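Here is a short report on one protein model and its ligand. Keep the structure in view while reading.

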Amino acid sequence: MFDNREEVRAVKVAVIGTGTLGTTIAQVFSQCDRIGRVYICKGRQSSREGKEIVARALDILVDRKKMERQAADGYLEKIYDGDLDNAADVDFVIEAVAEDLDIKRMVFKGLESICKKECIFATNTSSLPIKEIADGMKRPLIGMHFFNPAPVMKLVEVIISATTPPGITEFVVSIAKDIGKTPIVVKEAPGFVVNRVLIPMINEAISIYAEGIASVEDIDIAMKLGANQPMGPLALGDLIGLDVVLAILNVMLRETGDNRYLPQPMLKKMVRERKLGRKTGEGFYKY
Ligand code: CAA
């Protein structure tokens, strides 16, 4: 369907969601020459606010001399904010709203009645089973999982099920390459690949801290200097958002019944106290 390169060049994309990942995904798509237009559609914040967040991110790159002003303005011009109804003619939708099954289902229900029938639907879920999100949908759904911070992280997990049409997988793989990412195709499973490894590691680091074995700083230093990780697991939890870490563990626990995914009580307490990491100004560190 989309194997013709000309069609890939003209792709119009809608990003649904204006949180950390929604806005950075919109930014990444806007910076791709082969993408003609990016609609940013309402999530937690309005579309206008979402576009403003992208504008500020591009401004920072210009200030740091990583991008020419003219290029930044061009990318921003490609981004349209407005109602979802305006996105009726898009070729590809990527949903990046809250990690909540009901919200995601509601979004796709709305999209099915708005978007043209050839439009491909993808979800950026970090843990929810794609099949469950797609329950009741008339068209196939595929996972396209980005990593935080999306403009920097090179990987995209493309999550497929036994019923994903090969043409859709090919399209998402090709578009991931077009935006400068390295895609890997993963069969649907709790946590996919990266989160299945990464999230239990963060949970384990929390238990080390909760047991008083080492300080937050020293646990992070240990993993940076002893395992060459770019940032320590507790700082990474703060970057991802501790609510997201908890949600992923809960899904993995529910899906597998395996106690190794039991969230640490300290993690649950911090989430209850809204110490969610960078986004709320406090997690394991203060921001
Ligand atoms: N947006 C855009 N660019 C950013 C950025 C952001 N939010 N944060 C950092 N950068 C850029 C910087 O501008 C800098 O660019 P240059 O190299 O061109 O100068 C580069 O990234 C490096 O940044 P810094 O020098 O400020 O800091 P650093 O070297 O410590 O790198 C980091 C920061 C990229 C976040 C690095 O620490 C890192 O890779 N950490 C691990 C991140 C990770 O594991 N993410 C995956 C989380 S799991 C997930 O997201 C999935 C899920 O479902 C939960």
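Tyr 209 is partly exposed, with 33% relative accessible area. Partly exposed lies between buried, under 20% relative accessible area, and exposed, over 50% (1.4 Å probe, protein chains only). The model is predicted: local features need pLDDT of at least 70, side-chain atom pairs count only at pLDDT 80 or more, and totals for chains, interfaces and linings use all residues. Residues are numbered from 1 along each chain as its sequence is written, and side-chain values use heavy atoms, without hydrogens and water.

**Aromatic pairs**

The whole structure holds 6 aromatic pairs. Rings of Phe, Tyr and Trp (its six-membered ring) pair if their centres lie within 6.5 Å; planes under 30 degrees apart are stacked, over 60 edge-to-face, and the rest tilted. Two of the pairs are set out here.

| Pair | Type | Centre to centre | Angle between planes |
|---|---|---|---|
| Tyr 39 and Tyr 80 | tilted | 5.6 Å | 40 degrees |
| Tyr 209 and Phe 284 | edge-to-face | 6.1 Å | 80 degrees |

Tyr 209 sits in helix H8, and Phe 284 in the segment after helix H12 (265-272), 75 residues apart. Helices (H or I, at least four residues) and strands (E, at least two) are DSSP runs, numbered from the N terminus. Phe 284 is buried, at 11% relative accessible area.

Tyr 39 belongs to strand S2 (residues 35-41) and Tyr 80 to strand S3 (residues 79-81), 41 residues apart. Tyr 39 is buried, at 6% relative accessibility. Tyr 80 is partly exposed, at 35%. Elsewhere, ring pairs join Phe 29, Phe 92, Phe 146 and Phe 171 into a cluster.

**The ligand**

Which residues come nearest to the ligand? Of the 17 around it, they are Lys 66, Ser 126, His 145, Asn 148 and Asn 195. A residue counts as near if one of its heavy atoms lies within 4 Å. The side chain of His 145 places an N or O atom 2.7 Å from a ligand oxygen. For the side chain of Asn 195, the distance from an N or O atom to a ligand oxygen is 3.0 Å. Asn 148 uses a backbone N or O atom, 2.8 Å from a ligand nitrogen.

**Helix H10**

Helix H8 (194-210) and helix H10 (233-240) each give at least two residues to the ligand shell. Of the 8 residues of H10, 8 are buried, so H10 is largely enclosed by the rest of the structure. Its cover includes H8, helix H9 (216-227) and helix H11 (242-256), where contact means heavy atoms within 4.5 Å. Gly 241 follows H10, with a positive phi near 105 degrees.

Conventions. A polar contact is a pair of N or O atoms within 3.5 Å; within protein, one must be able to donate a hydrogen and the other to accept it, and residues adjacent in sequence count only if both atoms are side-chain atoms.
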